[in-house]
Amino acid sequence: MNIQSYYDYCLAKKGVTEHFPFDEDTLVFKVGGKMFALSSLAGWEANTPSINLKCDPGRSQELRAEYEGLKPGYHMSKVHWNTVKVNIDVPQKLLLELIDHSYDLVFKSLTKKLQAEIAAQK
């Protein structure tokens with residue numbers, strides 16, 4: 001996966017916006033004003049990309065045991081967030097599933113009203 005495919009995949013989801021709330025390097029994707037994915041642009045430029053994604057705690061433990069490229073979230077809650085080192089040993093199909101899972105977790109945490117507004121978007 002490269003930065004453009006990551007960017008396009010995240011932005012294609014309903015209600016997603018991009019932000020740089022921390023600095024000019026950390027690209028954050030949000031749905032309903034809540035983060036579901038973030039990544040350092042410098043990491044992509046240095047060919048050491050990683051993405052922080054929200055994940056169910058039980059699933060996180062299983063995945064961390066199976067993949068070297070999946071670690072507890074860097075600068076995030078180690079229980080609810082993973083850092084996925086891109087292009088190491090996590091298959092792209094799984095990475096896309098993890099992006100979807102993170103988006104779904106955050107989307108489901110939104111109010112029913114906000115969920116309906118986002119779902120109605122084209």
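Where is Ile 88 found? Ile 88 sits in the loop between β6 and α4, with helices (H or I, at least four residues) and strands (E, at least two) taken as DSSP runs and numbered from the N terminus. Ile 88 counts as exposed because its relative accessibility is 55%; the cut-offs are under 20% relative accessible area for buried, over 50% for exposed, and partly exposed in between (1.4 Å probe, protein chains only). Ile 88 and Thr 48 are 40 residues apart in sequence, yet 9.2 Å apart in space, C-alpha to C-alpha.

A word on the model itself. Residues are numbered from 1 along each chain as its sequence is written, and side-chain values use heavy atoms, with hydrogens and water left out. The model is predicted, with local features needing pLDDT of at least 70 and side-chain atom pairs counting only at pLDDT 80 or more, while totals for chains, interfaces and linings use all residues.

Now for the sheet. Six strands form an open sheet in the order β1-β2-β3-β4-β6-β5, with antiparallel pairing; two strands pair if DSSP finds at least two bridges between them. At the edges are β1 (16-19) and β5 (70-72), each pairing on one side only. From one strand to the next, the twist averages 25°, where axes are lines fitted to C-alpha atoms (for helices over the stretch in contact) and angles run from 0 to 180 degrees between N-to-C directions.

Going across the sheet, β1 and β2 are antiparallel and share four bridges, with Val 16 bridged to Val 31 in β2. Strands β3 and β4 pair antiparallel over three bridges, and here Leu 38 has Asn 52 in β4 as its bridge partner. Five bridges link β4 and β6, again in the antiparallel sense: Ile 51 partners Val 84 in β6, and Leu 53 stands opposite Asn 82. Strand β6 (residues 81-85) is mostly covered, with four of its five residues buried.

What about the inside? In soluble globular proteins, nonpolar side chains tend to be buried together. The largest nonpolar core has 28 residues, and Tyr 6, Phe 36 and Leu 95 touch the most other members; such a core is a set of buried Ala, Val, Leu, Ile, Met, Phe, Trp, Tyr and Cys residues joined through side-chain atoms within 4.5 Å. At least two residues of this core come from each of α1 (3-11), β2 (26-31), β3, β4 and α4 (92-109). The biggest contribution is from α4, with seven residues.

Finally, the largest pocket holds about 280 Å³ of space. On a 1 Å grid over the protein atoms alone, a pocket is an open set of points where a 1.4 Å probe fits, with protein on both sides within 12 Å along at least five of seven lines, and lining residues have an atom within 4 Å of a point. Points are joined across faces, edges and corners, and the volume is the space filled by probe spheres set on them. Among the 13 lining residues, Thr 26, Leu 38, Asn 52, Tyr 74 and His 75 lie nearest the centre. Strands β3 (34-40) and β4 (50-54) each supply at least two lining residues. The lining splits into five nonpolar, seven polar and one charged, counting Ala, Val, Leu, Ile, Met, Phe, Trp, Tyr, Cys and Pro as nonpolar, Asp, Glu, Lys and Arg as charged, and the others, Gly among them, as polar.
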